[in-house]
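Okay, thanks everyone, let me share my screen. I'd like to talk about charged pairs and then about packing.

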Amino acid sequence: VDARTTAALVAWFARARRAMPWRPSVGWARDPYAALVSEAMLQQTQVSRVMDYFPRFMARFPDVRALAAADEPAVLAQWAGLGYYRRARHLHAAAKAIVERFDARVPYDPADLRTLPGIGRYTAGAMASIVFDRPEPAVDGNVVRVLLRLHGKDLDPAAKPTLDWTWARAGELVRAASAAGEGHASAWNEGLMDLGATICLPAPAQPRCEACPLKDLCIARRENTAARIPRPKAAARVKKLYAAVLLITDRQGRLLFERRGDQGLWAGLNQPPTLESPEPPSDEALQTFARVKGGTLPLHACGTFEHALTHRRLSVTVYRCAAAPCRGKHRTGQWHARETAATLGLSSMHRRALEIEPSGG
Ligand code: SF4
């Protein structure tokens with residue numbers, strides 16, 4: 001049965017595979033570096049957005065040596081707008097490690113791949129199988145859903161026993177695919193992901209079983225349970241946060257920017273001084289913050305907006321004020337003309353904050 005299952009999907013994938021800039025037009029062999037970049041971008045981000053960013057990133061950093069030699073602000077600036085900036089910093093660190101430890105060649109062994117920053121079990125399996133055609137499983141949310149339906153298993157998709165079963169089953173299937181010949185391990189894993197993204201759709205959409213190459217083998221279809229497998233996960237709680245963005249302007253009209261720390265939200269990005277708090281900040285807290293950052297009172301409120309992140313909802317207020325007279329360099333930040341801010345690597349929230357200010361007066 002496994003051989004029939006994998007053959008059916010591999011044949012379907014040969015016909016139906018979606019064209020993407022990081023996929024070769026024929027066959028499976030591809031540039032491992034390009035695959036590494038695309039895998040990093042595709043984590044938590046839709047394919048359509050990655051399609052925009054990937055060619056630009058590759059034009060700027062065409063190979064692993066170019067990326068390893070770049071400085072971090074240049075990498076983050078190229079990533080700006082894609083979100084989850086930790087991925088960019090990990091990718092950058094991985095490129096350096098590949099140059100230093102693997103002679104600038106992306107390793108093909110999953111154990112070696114997992115020694116690279118930001119590469120977990122899924123990405124190691126995806127790289128090893130899709131790029132190097134090794135019989136390694138790669139299980140993401142799409143694969144969990146397809147395999148649970150295929151086997152008619154009504155289990156909690158996030159529970160550890162479910163994931164253990166899925167990884168084990170995905171391993172058996174990719175080995176069965178690989179036994180059929182060169183390129184089949186790659187096509188099976190990538191086909192499984194494409195099937196989950198285009199045919200075996202998650203709720204609230206309905207799976208398109210009539211168009212599915214596995215419909216004759218699928219237990220959920222036979223038992224008419226596909227629409228309720230997998231069970232819905234409990235919704236993640238969204239945290240509310242308040243952010244006061246301070247646009248401090250010096251006498252030449254430049255704005256103050258600071259670099260965020262290396263941990264947490266928007267790590268390593270630049271921003272105008274920003275006060276984040278779980279409650280709206282008091283006037284006193286705002287004024288103290290402005291003074292500490294080298295601004296003068298009064299503060300002028302320019303506007304507010306709501307900004308949604310995956311697990312946070314930010315209520316953002318933008319203020320402006322003049323800089324206190326200051327000799328020499330600023331203690332914690334740097335002055336930049338507003339026009340050059342786009343090159344700094346800012347979060348999309350801070351880009352919005354900069355857009356709101358002029359009309360706010
Ligand atoms: S037959 Fe339907 S439920 Fe089964 S794998 Fe295909 S699309 Fe998914």
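This is a predicted model: local features need pLDDT of at least 70, side-chain atom pairs count only at pLDDT 80 or more; totals for chains, interfaces and linings use all residues.

Arg313 makes a salt bridge with Glu306, 3.5 Å from N to O. Glu306, at 35%, is partly exposed too.

Now over to Arg169, which is buried, with a relative accessibility of 13%. Which residue does Arg169 pair with at 2.6 Å? That's Asp2, going by the closest N and O atoms of the salt bridge. This pair ties together distant parts of the chain, with Arg169 in helix α10, residues 160-179, and Asp2 in helix α1, residues 2-16, so we're talking 167 residues apart. Asp2 itself is partly exposed at 22%.

Arg169 also has a salt bridge to Glu172, at 2.7 Å N to O. Those two sit three residues apart in helix α10, so about one helical turn separates them. Glu172 comes out partly exposed, at 39%.

Across the whole structure the search turns up 20 salt bridges. There's also a network of them linking Arg18, Arg23, Arg30, Glu190 and Asp194.

Okay, packing. The largest nonpolar core has 62 residues, and Met41, Phe57 and Trp79 touch the most other members. Helix α2, residues 32-42, is the top contributor, giving seven residues. There's a second, separate core too, with 35 residues, including Trp188 and Leu214.

Back to Phe57: beyond its neighbours within four places in sequence, its contacts include Tyr33, Val37, Met41 and Trp79.

Methods. Residues are numbered from 1 along each chain as its sequence is written. Side-chain values use heavy atoms; hydrogens and water are left out. A nonpolar core is a set of buried Ala, Val, Leu, Ile, Met, Phe, Trp, Tyr and Cys residues joined through side-chain atoms within 4.5 Å. Buried means under 20% relative accessible area, exposed over 50%, partly exposed in between (1.4 Å probe, protein chains only). Helices (H or I, at least four residues) and strands (E, at least two) are DSSP runs, numbered from the N terminus. Contact means heavy atoms within 4.5 Å. A salt bridge is a side-chain nitrogen of Lys or Arg within 4 Å of a carboxyl oxygen of Asp or Glu.
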